[in-house]
Amino acid sequence: MQIESLAGLERTGHLYSHETQIDLSEQTIRNLEGFYGGGRLEDWKTYDPEGAQSLEDAIRQKHATAIVYGLDGIP
């Protein structure tokens with residue numbers, strides 16, 4: 001790869017990611033509802049309405065999108 005031939009470069013690494021769907025257990029849903037209750041979700045909506053909506057959708061549908069990351073060396 002061209003990047004590995006750059007002058008002064010000492011090390012390289014890789015960043016891996018994979019997007020997957022996960023099912024939410026009833027306990028996870030209760031935990032999310034408990035944490036985001038009491039106004040936290042309403043506060044979140046003021047600065048990130050799409051993120052808050054994604055959480056509401058995940059709770060309602062009982063599944064969510066997760067992105068898993070892995071590192072190999074120093075990316």
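Modeller: Contact here means heavy atoms within 4.5 Å. This is a predicted model, where local features need pLDDT of at least 70 and side-chain atom pairs count only at pLDDT 80 or more, while totals for chains, interfaces and linings use all residues. Residues are numbered from 1 along each chain as its sequence is written, and side-chain values use heavy atoms, with hydrogens and water left out.

Colleague: Which residues is Ala-66 in contact with, leaving aside neighbours within four places in sequence?

Modeller: Ala-66 is in contact with His-18, Glu-19, Thr-20 and Ile-22 once those neighbours are set aside. Ala-66 itself lies in strand 2, residues 63-73, where strands are DSSP runs of E with at least two residues and helices are runs of H or I with at least four, numbered from the N terminus.

Colleague: Switching topic, which residues make up the largest nonpolar core?

Modeller: That core has 9 residues, namely Leu-24, Ile-29, Leu-41, Trp-44, Ala-52, Leu-55, Ala-58, Ile-59 and Ala-64. A nonpolar core is a set of buried Ala, Val, Leu, Ile, Met, Phe, Trp, Tyr and Cys residues joined through side-chain atoms within 4.5 Å, and buried means under 20% relative accessible area, exposed over 50%, partly exposed in between (1.4 Å probe, protein chains only).

Colleague: And which element gives the largest share of this core?

Modeller: Helix 3 does, with 4 residues; helix 2 (40-47) and helix 3 (49-61) are the elements that give two or more.

Colleague: Is Leu-71 buried or exposed?

Modeller: Leu-71, which is found in strand 2, counts as exposed because its relative accessibility is 63%.
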